[in-house]
Amino acid sequence: MPPHPEQVDADSGPLVLGVDLGTGGLRTALATARGAILAVARRDLTTRLLPGGGAEQDPDDWWRATAETVRELIKAHPEAAGRIKALCFSTQWGGTVPAAEDGTPVHPALIWMDARGARYAQAATGAAVTVPGTGYGARKLRTWLVKTGGVPTRSGKDPVGQTLWLRRERPEAFQAARYLLDVPEYLTLRASGRAAAARDTAVLRWATDTRDPATLAWDGQLARMGGLDTAKLPEQVPAATVVGTLTAQAAEDLGLPTSVQVVAGTGDTTAAALGAGAVRDYQPHLYVGTSAWLSCHVPSKKTDVRRNIASLPAAVPGRYWVATVQDVAGRAVDWLIENVLDDPDHPRSPEALDRLTRLAATAPAGANGVVFAPWLNGERTPVDDPSLRGAWFNLSLSTSRADLARAVFEGIALNTKWMLDAVEHFTGHTGPGGLGPIRFIGGGASSTLWCQAMADILDRPIDQVAEPQLANVRGAALLAGVALGEVTWDQIPGLVEIAARYEPNPAHRERYDEAYAALLAHHKAHRKLYARLNPPFESPATRAD
């Protein structure tokens with residue numbers, strides 16, 4: 001019997017490195033150019049949460065973790081070092097890294113959670129005549145939507161709000177920066193010496209005309225509207241572009257030859273879709289990690305301002321992807337462990353998540369009526385509201401720890417149903433069965449409890465992708481494979497294995513429908529209260545006295 005093609009590839013074909021930088025950690029995978037993962041190394045990362053909604057990370061920590069993990073893989077697999085042909089980064093995005101010409105950071109990175117620019121974003125997007133219920137200036141909103149398909153968030157949690165905050169609050173760093181880069185662009189610069197943005201990552205500045213997905217250029221009018229300086233922005237290139245080879249310094253840091261090619265980095269959403277094998281039109285995938293999103297590829301540009309959804313240029317040629325994000329997903333589970341269940345005087349146990357999952361499984365479906373709203377850091381889709389906050393509600397004296405734990409898992413799934421409803425409305429798939437089976441990836445998809453809860457609450461079959469926590473590094477490896485000409489876009493779905501399918505349990509339908517209605521009612525009844533309790537941050541430099 002001849003060997004399986006993937007085995008031949010693993011034994012003799014070109015290898016690539018996929019690097020996935022998440023909020024909580026970095027993974028590097030040694031893989032074939034067809035996305036088969038051979039080995040993985042990981043490092044944890046820390047985030048500094050600062051007053052006024054700040055969230056920063058150190059870009060030098062990202063690069064240090066990249067170098068350590070690459071060297072670890074090469075040490076464990078020395079025979080593979082000479083076969084590594086390319087490197088590609090998949091990262092968190094929607095952040096801003098002020099960097100010098102050589103890639104040296106001149107200020108900590110403002111990551112996607114950073115909301116300190118909310119005041120400035122609201123000023124930049126507002127006007128005397130606004131669109132009711134949105135806060136956006138009517139003329140500005142129309143210009144952004146027509147040209148880009150989206151609009152800067154008024155929460156400040158994107159490169160527009162972050163850039164405006166840097167310009168006003170950290171003028172020394174703003175002036176010292178040769179480039180203002182999103183996270184995948186920064187790491188691409190650090191590796192190759194070239195400041196380049198793949199079109200699918202450039203869009204979150206809302207300064208590119210996306211009506212023709214083949215056009216690659218910054219739009220001066222849009223940049224001025226968002227307060228951006230195009231001289232500090234990277235050049236744009238198509239996705240799956242080789243932007244260069246490793247610089248001498250990068251090669252020394254990583255322990256690789258300078259001949260290794262660097263592929264333009266991408267955001268985690270793009271990489272996740274590739275790693276889930278969900279590249280066909282209207283084929284959905286759900287990611288649950290620190291945050292969550294539910295997306296699919298679509299053939300055309302569209303925007304729904306009220307639900308905070310837009311279709312943006314995709315890595316897949318000629319296609320757009322549905323952009324959504326829920327601010328807190330798995331991070332709510334971490335919060336529960338760290339602040340409620342763990343002993344604060346001792347470091348978190350490696351078994352803490354398994355213990356929590358087992359505890360949650362002892363409560364019945366529906367958590368005995370307890371509902372959890374997971375808005376611990378505000379929300380993005382289908383409501384762009386940084387003032388929302390989390391809550392357990394409908395507690396009683398009989399509520400147990402198991403109920404509280406299960407309610408957190410289920411609350412994230414209920415919130416995901418809110419997002420799914422918005423996505424199916426957006427795509428026109430509102431009939432029975434909606435978009436159909438959903439490919440589930442991310443750390444959350446490793447939990448059988450969560451897989452079944454998602455199937456029951458979303459009322460859709462859930463396809464658990466094999467090694468779901470590696471979807472992003474697999475996607476980065478596949479993107480490198482496309483750049484090298486080793487794999488085509490059409491081949492990707494057949495290269496990703498489905499480990500199991502979870503069907504909805506009809507016995508749980510009624511109680512979960514009630515819980516979902518309760519979550520929406522809680523939001524409707526309390527959103528104004530949250531707005532009063534959590535007003536946008538005003539710094540001393542900008543507050544009118």
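Which residues does Ala 177 touch, not counting residues up to four places away in sequence? They are Pro 98, Ala 99, Val 106 and Lys 232, where touching means heavy atoms within 4.5 Å. This is a predicted model, where local features need pLDDT of at least 70, side-chain atom pairs count only at pLDDT 80 or more, and totals for chains, interfaces and linings use all residues. Residues are numbered from 1 along each chain as its sequence is written, and side-chain values use heavy atoms, leaving out hydrogens and water.

**View 1. Ala 177 in its loop.** Look for Ala 177 between helix H6 (171–176) and strand S9 (179–181); helices (H or I, at least four residues) and strands (E, at least two) are DSSP runs, numbered from the N terminus. Ala 177 is buried, at 3% relative accessibility. Here buried means under 20% relative accessible area, exposed over 50%, and partly exposed in between (1.4 Å probe, protein chains only). Lys 232 is 55 residues away from Ala 177 in sequence, yet their C-alpha atoms are 7.6 Å apart.

View 2. Pro 382 sits in the loop between strand S20 (371–373) and strand S21 (391–393).

**View 3. Positive phi at Ala 240 and at Asn 394.** Most residues other than glycine have a negative phi. Ala 240 has phi near 60 degrees and is buried at 15% relative accessibility. Asn 394 has phi near 70 degrees, but counts as exposed at 54%. Asn 394 belongs to the loop between S21 and helix H14 (401–427).
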